[in-house]
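User: I've got this model open and I'd like to talk it through with you.

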Amino acid sequence: MAFRNTSLRRLLAVTSRSETAGRWTTLSQCHFYPKRCLHGTAARHTDGVFRGLTDDRLPMPWIEAWRLQQEGKDIASDEARSQERDLSPKKMSDSYHRVVLPLGRDPWLSDTYINSSGHIRLGTIFMDLDALSGIIVYKHTGPGVTVVTAALDRITISHPLTEICDLEYSGQVTYASGRSSVEITCKVARARDEGEPSKPEDVLLTCTFTMVALDPATKKPVNVPRLLYTTPEEEKIFKAGEAKALTNKQKLKTSLLETEPNDPESALIHKIWLRQLAYHDPNNSLRQPANVIAMSKTQLSTASIMQPQYRNRHQTMIFGGFHLKQTFELAFCCAASFSHARPTFISADPCTFRNPVPVGSVLYLTATIVYTDPPLLEEDGSEPRQKDSKNPMTRLHVRVDSKVRDVEHGNAKPTGQFNYTFSVPKDVKVLPHTYQEYMMYIDARRRVQLGDVQDRQEHNASELQQLQSTDNVNLTE
């Protein structure tokens, strides 16, 4: 279906371009001449994602997708109906994909990837990585399925950038048992010249996405090709993915939604509660310090309508990478608001995308500071101190709760819980009050402790010190 009215078509194209912030493809095509260049057709790619990460699977303008939706047609189902599926096993190399982001060579990219302080916008990098995982997973599954982002594993900064340079995005499928889920591992590294091998210190970050294949018509999980490993190194990677899948299932059984806090955690909750009472006891000289802030006062919330320019290749749902970017940037703002300092990103904990976000819905995000390290009290009731009182450093754990509602606000669904850790050069602490806040506090404390164990296993002491340093040479934020 196409527009017959040429004037209307051009008007819609120009309007959509003016509403899309941060896109400079039109200017670059015009060789930077000081004049506006208008075209009858807008660039066809997901808003904000690097053009090298867009394939040919978004050929339909939104107005056509909307008309098909109004007619009750399933766009994804119609697209896959005539395509046969190949379930023969595939190798890791079959899904490998690499793209270079010319950040050092193309100054116009700075509008999208560099913030006002000259740091890399990690939220935009995360969005690109979700787009990369989408390209990779379809290389493995082939056509005939609908693939959605189900989960994202822990992300840490391996080697912070010290200068703005070209970046290399790469990844491949690293685990697929033949059932519906697929693990994709993506890497961001400093791009070397063609033919020059990369070095371990070039790697900025590595992350793992879990994607699930669904039947386009029934929306139920379907099997995907099993992954083959052909070398000892690939076997090691495959076994690690298999072990990770089993570990994630075990973690669900120990969640606070399934079990109560253990004895040391219960004792800690009681000690913090007693400290809270002491702060307000007129017969007690102890008063709440200015740097101890109630958890309820740390919240920061947003509500935004999901527009078509942020849709994924299935036409009517919002791109998961955009959702991730929104939660990250709200968490950053929450950490800055709480500490009155510029936060530095340390890690993102594993998260699960629970429900899709439809185009036209309202996305509600609420960020809360749920844990600080050093904390208010240790398990033995003692007050921890900063290692360097003159140069304090505090880790802030920010939880972002996400839910989606239709415009009429009749139905609400949770879409996920996202957890980020930042460091700030301040001595600040958070104080829970309600039972729900205590559970959020304990959950975040577990995440931080688990993350510390993983960091000790993966990095040496000098790398950890570099990871938690701020300002100066670190251009990753």
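User: How far apart are Arg447 and Asp443 in helix α10?

Analyst: They are 4 residues apart, so about one helical turn separates them. Their side chains meet in a salt bridge, 3.0 Å from N to O. By salt bridge I mean a side-chain nitrogen of Lys or Arg within 4 Å of a carboxyl oxygen of Asp or Glu. Helices here are DSSP runs of H or I with at least four residues, strands are E runs of at least two, and both are numbered from the N terminus.

User: Where do these numbers come from?

Analyst: It's a predicted model, so local features need pLDDT of at least 70 and side-chain atom pairs need 80 or more, while totals for chains, interfaces and linings use all residues. Residues count from 1 along each chain as its sequence is written, and side-chain values use heavy atoms, with hydrogens and water left out.

User: Back to that pair. Is Asp443 buried or exposed?

Analyst: Asp443 counts as buried, at 18% relative accessibility. Arg447 comes out as partly exposed at 23%. The cut-offs are under 20% relative accessible area for buried and over 50% for exposed, with partly exposed in between (1.4 Å probe, protein chains only).

User: How many salt bridges does a search of the whole structure find?

Analyst: The search turns up 18. One of them joins Lys244 and Asp153 at 3.2 Å, N to O. This one links distant parts of the chain: Lys244 is in helix α7 and Asp153 in the loop between β3 (146–152) and β4 (155–157), 91 residues apart. Lys244 is partly exposed, at 27% relative accessibility.

User: Which residues are linked with Lys244 in a network of salt bridges?

Analyst: Asp153 and Glu183 are in that network with Lys244. There's also a bridge between Arg192 and Asp202, 2.8 Å from N to O. Both of those residues sit in the loop between β6 (181–190) and β7 (203–214), 10 residues apart. Arg192 is partly exposed at 26% relative accessible area, whereas Asp202 is buried at 3%.

User: Switching to rings. How many aromatic pairs are found?

Analyst: There are 12 in the whole structure. Take Tyr175 and Phe238: their centres are 4.9 Å apart and their planes are at 55°, so this pair is tilted. Tyr175 belongs to strand β5 (residues 167–175) and Phe238 to helix α7 (residues 232–253), so the pair ties together parts 63 residues apart in sequence. For the rules, rings of Phe, Tyr and Trp (its six-membered ring) pair with centres within 6.5 Å; planes under 30 degrees apart are stacked, over 60 edge-to-face, and the rest tilted.

User: And are those two, Tyr175 and Phe238, buried or exposed?

Analyst: Tyr175 is buried at 13% relative accessibility, and Phe238 is buried at 9%. Tyr371 and Tyr441 make an edge-to-face pair, 5.1 Å centre to centre with 65° between the planes. That pair runs from strand β13 (residues 362–373) to helix α10 (residues 435–458), with Tyr371 and Tyr441 70 residues apart. Tyr371 is buried at 6%, and Tyr441 is buried at 1%.

User: Which residues form one aromatic cluster?

Analyst: Phe126, Phe328, Phe332, Phe345, Tyr420 and Phe422.

User: What about phi of Lys219?

Analyst: Phi of Lys219 is near 65°, positive in a residue other than glycine. Lys219 is in the loop between β7 and β8 (227–228) and counts as partly exposed at 41% relative accessibility. His340 also has a positive phi, about 55°, without being a glycine. You'll find His340 in the loop between α9 (320–339) and β11, where His340 is exposed at 67%. For context, most residues other than glycine have a negative phi, and most peptide bonds are trans.
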